[in-house]
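Please look over the protein shown here.

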Amino acid sequence: MTKGTSHSDAPAPSARAIEKRLIVLGSTGSIGTQTLEVVEHLNAMADRGLSPVRFRVVGLATGKNAALLMEQAARFGVRELAIADEQAGAAEPAGARLRRGVDGAERLVREVECDVVLGSMVGSAGLPATLAAVELGRDVALANKETLVAAGELVVPAARASGSKLLPVDSEHCAAWQALLAGETTCCPPMICGPSISRLVLTASGGPFRNATAHDTYHATVRQALNHPTWKMGPKVTIDSASLTNKALEIVEAHWLFGLPGEKIGVLVHPQSIVHALVEFADGNVIAQLAAPDMRTPIQFALTFPLRPEGVSRKLDWAKLGTLEFTPPDRERFPALDCAYDIIARGGTAGAVFNGANEAAVEAFLAERIPFGRITELSRGALEGVGSSPLRSLADAMEADVQGRRHVALALEGRAHVSGGVR
């Protein structure tokens with residue numbers, strides 16, 4: 001990995017390289033740090049005249065990891081910063097401006113000119129800043145699926161009105177987009193797929209409990225749930241992947257990115273994580289996207305589209321690829337998948353309620369207050385107990401998020417009904 005340089009020390013861009021200004025929201029998390037690896041790779045390639053695009057990082061935002069934020073700011077010469085945790089110890093670098101508070105990332109987006117915003121803040125915390133970027137017409141490389149789950153009814157119309165592109169960073173949605181590009185469309189999300197698209201299939205690794213019994217899955221420990229067999233991710237996403245809640249959120253995300261009804265979006269368990277999505281066309285053809293399980297590949301594609309410079313990720317070794325397996329998911333052991341179609345059918349604030357409840361339930365599980373199987377029970381209980389109301393503003397989405405969390409808190413106190421499951 002090439003060492004980064006400050007703006008003043010960096011060599012002049014190649015005459016052939018297009019420079020893009022980038023803000024990274026969630027820069028200290030798994031996706032954020034890998035994004036900066038991709039940036040260093042692309043800039044090193046551009047310095048050698050081997051990449052047609054280079055990036056200047058103009059803003060960084062984190063939740064609470066002040067030490068790493070300051071290290072990144074120094075490495076990339078970034079002067080515009082944000083940190084959500086007002087108590088996090090962070091001395092502002094000389095000449096830098098640090099925005100503190102839960103609205104810091106949103107203020108960063110509104111106050112700093114850029115071409116692309118990489119949205120990778122975990123959970124609903126990233127919604128205000130991402131929506132602000134869309135309203136301003138900035139292209140958004142979207143890794144925060146919760147933004148569309150909680151507020152797709154707001155974000156997608158705003159993107160169409162402003163001309164903002166929603167460039168999917170999730171490996172499955174990036175794969176689906178590439179399959180669609182190979183098939184019939186030439187546009188960027190958000191899009192509306194026509195009748196020539198019969199079905200979009202997202203793949204799931206199956207997580208650590210793919211072959212576990214219902215009892216063992218329900219009573220799994222935190223350590224077991226965090227032991228993902230394929231991907232290295234933050235704890236929230238890893239737990240969601242183990243319960244297939246992450247795939248449920250991705251079904252809703254695909255609905256908004258590609259304009260497909262729920263009945264045209266399916267899931268297959270694919271433990272090798274090589275095929276990331278398939279698009280079935282009305283004429284019987286199927287186009288799949290294959291790549292090694294490395295998040296830097298979809299990150300780079302989203303940042304550089306429609307260009308394809310040399311990638312930083314490892315390539316597939318076709319001679320050693322072996323067997324590719326596909327099986328339908330077990331809906332009884334992983335009931336979160338059914339919640340996705342319920343969210344799409346209900347519309348309104350349903351996604352925000354479910355997402356808020358899930359975040360609260362995952363926090364309770366990580367704190368070892370509940371068994372693993374109760375995460376989905378609590379999330380589904382909030383969806384059924386709180387219900388859905390019209391989504392007219394960001395305030396509606398944030399209030400629904402609060403209601404979902406409150407329902408989980410009451411359920412943990414024994415004061416709210418939660419639908420049962422396998423024990």
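The second largest cavity has a volume of about 40 Å³. A cavity is a set of points on a 1 Å grid over the protein atoms alone where a 1.4 Å probe fits but cannot get out, and lining residues have an atom within 4 Å of a point. A volume is the space filled by probe spheres set on the points, which are joined across faces, edges and corners. This is a predicted model, where local features need pLDDT of at least 70, side-chain atom pairs count only at pLDDT 80 or more, and totals for chains, interfaces and linings use all residues. Residues are numbered from 1 along each chain as its sequence is written, and side-chain values use heavy atoms, with hydrogens and water left out.

**Second largest cavity**
- Its lining includes Ala61, Ile83, Gly104 and Met121.
- Strand S2 (53-62), strand S3 (80-83) and helix H3 (104-111) each give at least two lining residues. Helices (H or I, at least four residues) and strands (E, at least two) are DSSP runs, numbered from the N terminus.
- The lining has 7 nonpolar residues, 3 polar and no charged. Ala, Val, Leu, Ile, Met, Phe, Trp, Tyr, Cys and Pro count as nonpolar, Asp, Glu, Lys and Arg as charged, and the others, Gly among them, as polar.

**Largest cavity**
- The structure holds 2 cavities of 30 Å³ or more. The largest has about 50 Å³ of space.
- Among the residues lining the largest cavity are Cys174, Trp231, His276 and Asp294.
- H6 gives the most to this lining, with 3 residues.

**Second largest pocket**
- This pocket has a volume of about 450 Å³. A pocket is an open set of points with protein on both sides within 12 Å along at least five of seven lines.
- Of its 22 lining residues, the closest to the centre are Ala291, Thr297, Arg308, Gly311 and Lys315.
- H11 supplies the largest share of the pocket lining, 5 residues.

**Asn144**
- Asn144 sits in the loop between strand S6 (139-142) and helix H5 (146-162).
- Asn144 counts as buried because its relative accessible area is 1%. Buried means under 20% relative accessible area (1.4 Å probe, protein chains only).

**Helix H14**
- The buried residues of H14 include Ile375, Glu377 and Leu383.
- Gly387 follows H14, with a positive phi near 80°.

How values were computed
Buried means under 20% relative accessible area, exposed over 50%, partly exposed in between (1.4 Å probe, protein chains only).
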